[in-house]
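Here is a briefing on one protein chain. Have the sequence and the coordinates open while you read.

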Amino acid sequence: MKNIHIYSDGACKGNPGPGGWGAVIQYGKHEKEISGGELNTTNNRMEMLATINALNMLIEPCNVTLFTDSKYVINGITKWVEGWKRNGWVNASKKPVRNSDLWHELIAACKDHDIEWTWVKGHDGNLGNERADALASTAAIAIMDEIED
């Protein structure tokens with residue numbers, strides 16, 4: 001299987017508010033940058049969409065090292081999701097799990113890959129994370145510019 005590195009990040013101008021997501025996908029010497037945004041969203045949704053969209057770019061099963069500054073994404077997919085499934089998608093407070101639509105998408109995006117989830121401190125000089133953050137911020141600003149036009 002191919003060894004892939006993914007750096008993903010989300011940004012939101014207001015929470016909720018206009019948001020963007022970005023990811024850098026690396027395979028050997030090859031790199032691809034992807035990004036997008038939404039008009040009325042949250043930072044957590046943008047973090048998730050960065051990860052989902054990056055994983056969905058992979059066309060075959062891969063070994064993935066996924067770098068993110070989102071403990072929400074890492075804890076959700078590695079610790080919380082199995083309990084949510086068992087409990088009918090309600091959380092420990094007996095309330096519906098937030099972003100369950102995206103959790104389902106993330107589960108599907110992960111299924112064919114062997115993923116090592118790696119937390120990186122945001123805004124701390126990690127070049128891949130800084131690039132993903134810049135992509136997310138640029139996408140969020142583009143959404144804001146659309147509102148003003």
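The points below cover the sheet, the helices and the salt bridges.

This is a predicted model. Five strands form an open sheet with mixed pairing. Helix H1 lies across E1, E2, E3, E4 and E5. Helices H2 and H3 pack with their axes 11 Å apart. The salt bridge count is six.

**Sheet layout**

- The strand order is E3-E2-E1-E4-E5.
- Strand E3 (30-41) and strand E5 (114-119) are the edge strands. Each has a single partner strand, so one side of each has no neighbour in the sheet.
- From one strand to the next, the twist averages 20°.

**Strand pairing**

- E1 and E2 are antiparallel and share eight bridges. Within this pair, Ile 6 faces Ile 25 in E2.
- Four residues separate E1 from E2 in their hairpin. Gly 14 sits in that turn, with a positive phi of about 100°.
- E2 and E3 also run antiparallel, joined by 10 bridges. Gly 19 has Glu 38 in E3 as its bridge partner.
- The hairpin of E2 and E3 has two residues between the strands. Here Gly 28 takes a positive phi near 60°.
- Strand E1 (residues 2-12) pairs with strand E4 (residues 62-68) in the parallel sense, over seven bridges. His 5 has Thr 65 in E4 as its bridge partner.
- Strand E2 is mostly covered, with 10 of its 11 residues buried.

**Helix packing**

- Helix H1 spans residues 43-56 and runs at about 155° to E1.
- Helix H2 (residues 71-86) meets helix H3 (residues 100-110) at an angle of about 100°. H2 and H3 are therefore roughly perpendicular to each other.
- On the H2 side, the contact is made by Tyr 72, Val 73, Gly 76, Ile 77, Val 81, Trp 84 and Lys 85. On the H3 side, the residues are Trp 103, Leu 106, Ile 107 and Cys 110.
- By class, nine residues of this H2 and H3 contact are nonpolar, one is polar and one is charged.

**Salt bridges**

- Glu 60 and Lys 2 form a salt bridge, at 3.6 Å from N to O. Glu 60 is in the loop between H1 and E4, while Lys 2 is in strand E1. This pair links distant parts of the chain, 58 residues apart.
- Glu 60 has 32% relative accessibility, so Glu 60 counts as partly exposed. Lys 2 is also partly exposed, at 30%.
- Arg 45 pairs with Asp 101, with the closest N and O atoms 2.9 Å apart.
- Asp 101 is partly exposed, with a relative accessible area of 40%.
- Lys 111 and Asp 112 meet in a salt bridge of 3.5 Å, N to O. Lys 111 is exposed, with a relative accessible area of 61%. Asp 112 counts as partly exposed, at 43% relative accessibility.
- Glu 31, Glu 33 and Arg 131 belong to one network, joined by salt bridges that share partners.

Methods:
Residues are numbered from 1 along each chain as its sequence is written. This is a predicted model: local features need pLDDT of at least 70, side-chain atom pairs count only at pLDDT 80 or more; totals for chains, interfaces and linings use all residues. Side-chain values use heavy atoms; hydrogens and water are left out. Axes are lines fitted to C-alpha atoms, for helices over the stretch in contact, and angles run from 0 to 180 degrees between N-to-C directions. Angles under 35 degrees count as roughly parallel, over 145 as roughly antiparallel, 65 to 115 as roughly perpendicular and the rest as oblique. Contact means heavy atoms within 4.5 Å. Ala, Val, Leu, Ile, Met, Phe, Trp, Tyr, Cys and Pro count as nonpolar, Asp, Glu, Lys and Arg as charged, and the others, Gly among them, as polar. Two strands pair if DSSP finds at least two bridges between them. A salt bridge is a side-chain nitrogen of Lys or Arg within 4 Å of a carboxyl oxygen of Asp or Glu. Buried means under 20% relative accessible area, exposed over 50%, partly exposed in between (1.4 Å probe, protein chains only).
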